[in-house]
Amino acid sequence: MAGRINDEDVKAVRDAVPIDAVVSEYLQLRNAGGGNLKGLCPFHDEKSPSFQVSPSKGFFHCFGCQEGGDTITFVMKIDHLTFSEAVERLAGQAGITLRYEEGGYNPSHQRGERIRLVEAHKIAADWYAEQLATSPEADAGRQFLAERGFDQAAAQHFSVGYSPQGWDHLTRFLRGKGFTDKELVLSGLSQEGRRGPIDRFRGRLMWPIRDIGGDVVGFGARKLYEADNGPKYLNTPDTAIYKKSQVLYGIDLAKKDIAKASRAVVVEGYTDVMACHLAGVTTAIATCGTAFGGDHIKILRRLLMDNGSARVIFTFDGDAAGQKAALRAFEDDQKFAAETYIAIAPDGMDPCDLRLAKGDEAVADLVEPRTPLFEFALRQIVARYDLDTPAGRAAALDEAAPIVARIKNSGAQHEVAVQLAGMLGILDTQFVVKRVAQLARWARDRGGKGPAPEGHHQGRQYAGPPRPAASRGPALNLRNPVFATERELLKLALQRPELVSPAFDAYGVDEFTAPPYAAVRQAIHDAGGAEPGVADPQDYLVRVREAAPDDAVRAMVTELAVEAIMLHKGVKGADEVYAGAQLVTVRRRAVERRIRDITGRLTRLGTHGDPAELAAVQNELWVLQQYDQTLREHGAAAL
């Protein structure tokens, strides 16, 4: 059984790796104000950023799907790792040696499966690269690259390697590194043979495929020898760490420039990616043995942030297969908020051939004059019909109009419908526009009202995280000033405890009327109370989260720890004045509720109640009324 990681080491890992550095490996982050950063949530589809990161507190929270936590939680969720695996990965990045409390540390037995498989791929990638650089047998691979304009430096930049022709060279090498036969088969690096595992890739040029975080998770292998009866390209099969529909070759190299330029160039092959990057088109990526699809779009959208100027450019070959690939890409076009284009060289060459024939400048020029993808798709459809006849024009309209009707933006839909009329040679433009609009209405009617708008913005209308079914009641409405003030006070207690301590720790759970807020108040109490001048704010928040009774309360703690403190209009002065106002408002409302309760009790007792009880209740009411007046006159000084 794997040993438990020492708590001090977990804390050291959490402190050593900034959460914004980790998250920005997977999505583009922008300033959200108040020291926070925002981006498109990687855990659900949305069109406006509701995912926020607080570098100072070490937490993230999505105000749309309620996912949240610290750096370790993010890595666990984004890469589907266990707690130990996530800590081990981050510790490796930070250069921290972990201690295990139950039996010590044994890498071959105590590391999680994913960590082991990734490590095997890293070692394999280095070994393949060494073979290409030094092995006489790899001359065929070096010649293949040279014929396509790639020298040794290019091969090293992309970590291209070579797999020897023998049956089990890599398998024996990895066994010597401590990997078991089971791990090698699970990784996809080996496969079962008649007498045990053998190498999956033999006598091929090897491209390591990395995930967006930079880990090698698979390989693309190109056939070099005529005697090889396998396919031209052989990819790693789907494994625990590699899903071909969820990876993009070159994304590790391109992601920063994609985010910076708000542009991605999608090409068809590994050598095309190499050619583009070497020609200065450093936003180029490619799929890995599969068509460009919805999961690939999710990766790019998080990097592009779906801003109005974002562009995705497809550079498919000009042959029939390339045109078919472009039409498949257009089927997913509306999943992008970015504008999509297609760029095809006039002579139909792919970027690799174009660079070889005409140089780097021709590759860079390829992605500049481009055609909108919708226009290309419509022209491909229209070209199949005889537009000189009424029947041909009608048939072309019948096939093309439903495609235009899928465009969600009504303004863009109208504009494309007008263009379609021009392509078809139909002079009555409004006839085409109305036809498209009619199809769009029918599609909406068949689908009902559809899902709620994606992307929820934080603010006073935010309804809080979903609660367990047993505790679910009316949704919180932050337009209700009672809930809004309670929320602000809890945010202060979590983010700026020095502004509300020690008064806050004297507040009872019943002073918070919203059940989720009362639960957070209890968690703060169970964690030891609000700590003024806490040396490690992240450690304080971690303790509060750990004190929460369930995931719903933990999510609320994270949300309140990340959300910016709202300075309402009319509130001026120092932070202490604002914090004092929240303390006083919450306390006064609690006092007012108690006064109403006692007044009701007096009414029930009437004039026939026990004199002693009546006097006691009247005295309690008088004391509360005096306290309320003192709070009203002296504010936080009376607490």
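Predicted model: local features only at pLDDT ≥ 70, side-chain atom pairs only at ≥ 80, totals over all residues.
Local features were considered only at a pLDDT of at least 70 and side-chain atom pairs only at pLDDT 80 or more, whereas totals for chains, interfaces and linings use all residues. Residues are numbered from 1 along each chain as its sequence is written, and side-chain values rest on heavy atoms, with hydrogens and water left out.

The protein contains 26 helices and 16 strands, these being DSSP runs numbered from the N terminus (helices H or I, at least four residues; strands E, at least two). Of its 639 residues, 49% are buried, that is, under 20% relative accessible area with a 1.4 Å probe, protein chains only. Among contacts (heavy atoms within 4.5 Å) with a separation of 6 or more, 66% link residues 24 or more positions apart.

Four strands form an open sheet in the order 6-9-10-11 with antiparallel pairing, where pairing requires at least two DSSP bridges between two strands. Strand 6 (161-163) and strand 11 (233-235) lie at the edges with a single partner strand each, so one side of each has no neighbour in the sheet. Neighbouring strands are turned by 35° against each other on average, direction ignored. Strand 9 (residues 204-210) and strand 10 (residues 216-223) run antiparallel and are joined by seven bridges, and Met-206 stands opposite Ala-221 in strand 10.

Helix 6 (residues 113-134) lies across strand 6, strand 9 and strand 10, at about 35° to strand 10, with axes fitted to C-alpha atoms, for helices over the stretch in contact, and angles running from 0 to 180 degrees between N-to-C directions. Helix 7 (residues 139-147) also packs on the sheet, touching strand 9 and strand 10, and its direction makes about 70° with that of strand 9.

Note on methods: Buried < 20%, exposed > 50% of the residue type's maximum accessible area, 1.4 Å probe, protein only.
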